[in-house]
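Good morning, everyone. Please have a look at the sequence and the structure before I start.

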Amino acid sequence: MSYNHQEIEKKWQDKWEVEGLYKTDDNSDKPRYYCLDMFPYPSGAGLHVGHPEGYTATDIVSRYKRMKGFEVMHPMGWDAFGLPAENYAIKTGVAPEESIRKNIKTFRRQIKSLGLSYDWDREFATCDPKYYKWTQWFFLLLYKNDLAYKAKAKVNWCESCKTVLANEQVIEGKCERCQSDVIQKDLEQWFFKTTAYADRLLEGLDEIDFPEKLKSMQRNWIGRSEGATLEFSIKDTDETLEVFTTRPDTLFGATYMVLAPEHSLVDSLADKIENLDEVKSYIKTTLKKNEIERTDTTKEKTGVELKGLMATNPANGREIPIWIADYVLSGYGTGAIMAVPAHDERDYEFAKKFNLDIVEVISGGDIENEAYVGEGQIVNSGEFNDLDIEKAKVEITNHAKGELTVQYKLRDWLVSRQRYWGAPIPIIHCTSCGEVPVPEKDLPVKLPTDVDFKPTGESPLKSSEEFNKDVVCPKCGQSGEGVRREADTMDTFVCSSWYFYRYLDARNDQEFCSPDKIKKWMPVDLYVGGAEHAVGHLVYSRFFNKVLKDYTDYVDFEEPFTKLVNQGLILAEDGRKMSKSLGNVINPDEVVEEYGADTLRMYEMFMGPLEDQKPWDTKGIVGIKRFLDKVYVFVTQYTEDRKDQSFKEAHEKENDQVKIAIEKTVQKVTHDIEEMKFNTAISAMMEFINLVYKTKDEIEDPVIESEMQWIASSTVARLLIILSPFAPHLSEELWQKLGHQESVFKESWPEFDEALTVEEEVEVAVQINGKVRGKIMVKAGSAEEEVVKEAKQVENVQKHLEDKKIKKAIYVEGRLLSLVV
């Protein structure tokens, strides 16, 4: 018998909403718990089945924590600015505001259909002027503290979208939005000085519970390097070349230098370059390449010598040639490198191609055949020969009059975009005063509606009469042609770098957020989202929080998120990534319609560990639906039998197997929710239901005629409570059938009897030289010697031990005995 999921789920969703069951009480004196999802961009495609995975995980935790006595903050909102809505406007003429609001309506309906316990009173979209007022406030906070500035710089430029892209928006040389080639372009842009926080961003990683892989990605992105800054003079000029190297110990092996093609020295000494036409042609070719293409280690090395220029090695006075090559970038370090081909693979490849000198200065390799990058003693370095590497770094740096320094790969965050659909930058340009910040009392600077969305390479705001009407310099009072607003808008990552604070005080127009609410709710206890944000949003949010700590009285903590979990990707049934073009996308609406929200929720949690990538399997979802049907039938039959007085008198005489099993199941589900191992929690509940049915079949002499007399009412109640975070609609329906008037979600999470959860016997696998040769049952807590003795009684184990001596025995208590022979 299958229950009517459509009727039941709609019924309880409506009831929960009317009762405001999931609203968060800011005044509660319960311990607090802030459980957060990465808020979605409301695309026109609506939800796909990947979205409910993370949302269900946080919903299970939120429901569990409420039952454990916590006041839970569990909100949802919309990351609504960005290129897709503007590109849609260009294509269709539908304004971004209109399309985004329509998409949000669809997303909200779909999310509510999943029975997710969000507090919708805290909902907002980043495109709301009342929201981006505070995004602009953040910009001013940074600007006033010299952490926001405008500078000319090489940027990633998408010719199709006519806008600047951040590094993380360039995927394999293509724009992540339109897949067009990305080129390098010089533009005046706004930056946030994230580099000022490089060390603290690194140090903070040791204090937070993030996946190690993600921490490693952030460490690599920040890229702290200890080394030396050295100066090479240019022969017959007053110019010098500054380089940063992590290997000053190899300075005597520097046999040539390489500059970024855009390096200023190329222009300043152009009259001395004998092959200037060749150099200019190479530079022109380089500018057509993006950063990823230029730094691809697999591509053939190219370059041009700056004939007529020579540098002097500060260690030995040797004159060495200067080259330009596209693999050196102007934005990294000083835009120049000293090349030590004997001990750097890239330099070695370059030197071999162009027949440049290779001088060994670290012993231990075979530089005739390859670069040696290992450890060794200093050689061919004059008085520094035979020193170890670390000592040589210091002494050779001092000898060359250099300086030991630290540098970072991390660059300042480019935040300006030449697009319409984003938060306007709150700056006024005055011919008399220069850049002037908009006074906070005049925020928000609102987006106009009289814009042409067609990309021109400049922001549509620049030509908007509405946006530029009646602009007055806040400093000198000038108006008219001499005063204009900043026309660029902010990167959408700026809006998403602080949104978790807005949920705390979503209707506050007077201040960024109530300090009392920040003190109560922050930092976030659990944050769940995709690993693709490792070096974007998750770096910028941490940066923002540190700025708040340094320059306001709002926060006194460094990190905004205590624990982060990345959910794995859900693949299509064919094992490929879901894509419209491949026709393999699973629509959650269709799954909910056919199988129910509870089934979808439980299936996505049962597919495998939350963090793993896993393929969709329709057979699996059918299996989950069967399990829920079994629960429905069991509890429905139980409630029918309870009406019989003789059953009421006898039903507390619970079967011993069931009595012990419910304790173990409650223990297992409790533990697994805490560890976010939802698949094994569901498995434990399945095993319990199977045991209930099995026990019923095995009873040969029932006390009464009823089929359900062997199970206590408290056991049925506890089953529904532990099932409820996973399948809230069905659990609520069956809870009501048991005769309860209040919601199951107002119940306390059940305790378990520790004494009844202790296993008397455990199954132990026996391995011999890594292969399982048998399984044995032993008393829990048995010593290793006893387990080995028992294992020797197994016929197959005896066979593989015959005439062999056990060299080593490793016993993993209660699980595995590994024998090495």
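Some ground rules come before that. This is a predicted model, where local features need pLDDT of at least 70, side-chain atom pairs count only at pLDDT 80 or more, and totals for chains, interfaces and linings use all residues. Residues are numbered from 1 along each chain as its sequence is written, and side-chain values use heavy atoms, with hydrogens and water left out.

Let's begin with helix H12, residues 389-399. Helices here are DSSP runs of H or I with at least four residues, strands are E runs of at least two, and both are numbered from the N terminus. Which residues of H12 are buried? They are Ile 389, Ala 392, Lys 393, Ile 396 and Thr 397. Buried means under 20% relative accessible area, exposed means over 50%, and partly exposed is in between, with a 1.4 Å probe and protein chains only. Now look down the axis of H12. The buried residues fall within an arc of 125°, so they line one face of the helix. That arc is taken from the directions from the helix axis to the C-beta atoms. Here is some background. An α-helix has 3.6 residues a turn, so residues three or four places apart point the same way.

What does the buried side of H12 pack against? Its buried residues pack against strand S8 (224-234) and strand S14 (403-408). The face turned away from the buried side carries the exposed residues Glu 390 and Asn 398.

Stay with Thr 397 for a moment. Its relative accessible area is 1%, so Thr 397 is buried. Leaving out residues up to four places away in sequence, Thr 397 touches several residues, among them Ala 228, Leu 230 and Pro 248. A contact means heavy atoms within 4.5 Å.

Now the ends of H12. At its start, a side-chain oxygen of Asp 388 comes within 3.2 Å of the backbone nitrogen of Glu 390. Just after H12, Lys 401 has a positive phi of about 55°.

Next is helix H24, residues 713-723. Nine of its 11 residues are buried, so H24 is largely enclosed by the rest of the structure. The buried ones include Arg 718, Leu 719 and Leu 720.

On to the strands. In strand S21, residues 526-529, Leu 526 and Val 528 point one way. Tyr 527 and Gly 529 point the other way, and all four are buried. Strand S1 (residues 32-37) runs parallel to S21, with three bridges between them. Two strands pair if DSSP finds at least two bridges between them. Cys 35 stands opposite Leu 526. Strand S22 (residues 564-566) is also parallel to S21, again joined by three bridges. There, Val 528 has Val 565 as its bridge partner.

Another threonine now: Thr 286, in helix H9 (residues 276-286). Thr 286 counts as buried because its relative accessibility is 1%. Beyond four places in sequence, it touches Pro 261, Arg 294 and Asp 326.

Last, the cysteines. How many disulfides are there? The count is zero, where a disulfide is a pair of cysteine sulfur atoms within 2.5 Å. Cys 175 is buried, at 0% relative accessibility.

Note on methods:
Polar contact = N/O pair within 3.5 Å; in protein donor to acceptor, adjacent residues only side chain to side chain.
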